[in-house]
Amino acid sequence: MSSDPRRIARLRDRFQHRVTVADGGLGTSLQNQHLTPDDFGGKDGCNEYLNLTCPDAVRRVHASFLDVGCDAVEANTFGANPSNLGEYGLDGRLAEIALAGARLAREVADSYDRERYVFGSMGPGTKLPSLGNISFRTLRDGYEAQAAALIEGGVDLLMVETVQDILQAKAAVIGAKRARAAAGIDVPIVVSVTVETTGTLLLGTETMAAFYALAALGIDGMGLNCATGPDTMGEHLRQLAGRLPVTSAMPNAGLPELGPD
C-alpha cells in the first residue's frame, strides 16, 4: 500500500472548496489510556514505538476522532526522527516505526464509508541545526527516510509541524521532496510553524519571514500549530491566509498552567 494519487487529487480539490477538519491531540489521547511500561515495550514514553508494541492503542485514538466526524487523522509519527528515537536507542528502526504508523492510520481511515484522509506527521525532533545540535545533512536524510516510509504507508499529505527553526524546516521539506520524487507521487507538503508569545518562532524568525523562506521551496501550504493556543494565532493566520493552496491551524489548548503543587 502506498499513497494513492487519485485520493490525493480529491484532497487537493477539497482544499479549494471546503474546510478539512483534522484530529486532536494524539499524544494526550494515548496518555489517557494509562498504558503500562509493558505496552511501550520497555521504551516508556516513546509514543511512536506503540505502533509496533501496542498498535490497538493507536487504532483506538484514530477511531475516536473519526467516530466524531473528523475528516483526517495524523499518523503516530511525530517523533519518528533520528533525535527523538535515538534517545530510546530506536533510531535504527525509524523507517519501520514510521511505516507502521502510516499503515495503522490508513487501515482505520479506510474502514469508514466516507473517505477519510491520513496526514503524515513530521515533528521537529529534539535538536536544532541553527544551534549546532545536529547537522543539516543528518536531519535532511532522517526526514527523507521518514517521508519515504510515510508515503509507502499510504499517507495523503506530509505535515512538517511544530517548526521552531527555519533551517530545520528546510531540511524537512527538502527531505520530503526527495522522498516524494523517488516515489513518483505528488504528496502535498504543508509546514506548520510554532509562534511564541513574543510573536516570533523560538529562534526569533517572524511569521512572514518564515513564509517567504519556505514558500520558495515549493511547499503546498503553511500554518500554525501548538504554542500559545488559538487566541493569539489569529493575526498570524490572517497574514498567511490565501498565499498558498492550504492554510492550516492546529492550536493546542493554550500554555500550560502550574498548579498549586
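# Reading the core, the sheet and its loops

Colleague: How many residues does the largest nonpolar core have, and which of them have the most contacts inside it?

Modeller: A nonpolar core is a set of buried Ala, Val, Leu, Ile, Met, Phe, Trp, Tyr and Cys residues joined through side-chain atoms within 4.5 Å, where buried means under 20% relative accessible area, exposed means over 50%, and partly exposed covers what lies in between, with a 1.4 Å probe and protein chains only. Here the largest such core has 62 residues, and those with the most contacts inside it are Leu 158, Val 191, Val 193, Ile 219 and Met 222. A second, separate core has 10 residues, among them Leu 11, Phe 119, Met 159 and Val 246. The model is predicted, so local features need pLDDT of at least 70 and side-chain atom pairs count only at pLDDT 80 or more, whereas totals for chains, interfaces and linings use all residues. Residues are numbered from 1 along each chain as its sequence is written, and side-chain values use heavy atoms, with hydrogens and water left out.

Colleague: Which residue forms an aromatic pair with Phe 211, and what is the angle between the planes?

Modeller: A pair of aromatic rings is described by the distance of the centres and the angle of the planes. Rings of Phe, Tyr and Trp (its six-membered ring) pair if their centres lie within 6.5 Å, and planes under 30 degrees apart count as stacked, over 60 as edge-to-face and the rest as tilted. The count by this rule is 1 aromatic pair. In that pair, Phe 211 and Tyr 212 are edge-to-face, 5.1 Å centre to centre with 70° between the planes. Phe 211 counts as buried because its relative accessible area is 6%. The charged end of Arg 243 also sits over the ring of Phe 211, 5.7 Å from its centre; the criterion is that NZ of Lys or CZ of Arg be within 6 Å of the ring centre and within 35 degrees of the ring normal.

Colleague: What is the order of the strands in the open sheet, and is the pairing parallel or antiparallel?

Modeller: Strands of a sheet pair through backbone hydrogen bonds, either parallel or antiparallel. Helices (H or I, at least four residues) and strands (E, at least two) are DSSP runs, numbered from the N terminus, and two strands pair if DSSP finds at least two bridges between them. This open sheet has 6 strands in the order E1-E2-E3-E4-E5-E6, with parallel pairing. Its edge strands, each pairing on one side only, are E1 (72-74) and E6 (246-251). Neighbouring strands are turned by 25° against each other on average, direction ignored. Helix H8 (residues 166-183) packs on the sheet, touching E2, E3 and E4 (189-193), and its direction makes about 165° with that of E4; axes are lines fitted to C-alpha atoms, for helices over the stretch in contact, and angles run from 0 to 180 degrees between N-to-C directions.

Colleague: Which residues point one way from E2, and which the other way?

Modeller: In a regular strand the side chains alternate between the two faces of the sheet. In E2, Tyr 117, Phe 119 and Ser 121 point one way, while Val 118, Gly 120 and Met 122 point the other way, and all are buried. Because 6 of the 6 residues of E2 are buried, this strand is largely enclosed by the rest of the structure. E2 (residues 117-122) is joined to E3 (residues 157-163) by 4 bridges, with Ser 121 bridging to Met 159 and Met 122 standing opposite Val 160. On the E1 side there are 3 bridges, and Glu 74 stands opposite Phe 119. E6, by contrast, has a covered face of Val 246, Ser 248 and Met 250 and an uncovered one of Thr 247, Ala 249 and Pro 251.

Colleague: What is the phi of Thr 162, and is its value positive or negative?

Modeller: Most residues other than glycine have a negative phi, and most peptide bonds are trans. Thr 162 has a positive phi, near 60°; this residue lies in strand E3 and is buried, at a relative accessible area of 11%. His 34 also has a positive phi, near 55°, but lies in the loop between H2 and helix H3 (50-53) and is exposed, at 68%.

Note on methods
Contact = heavy atoms within 4.5 Å.
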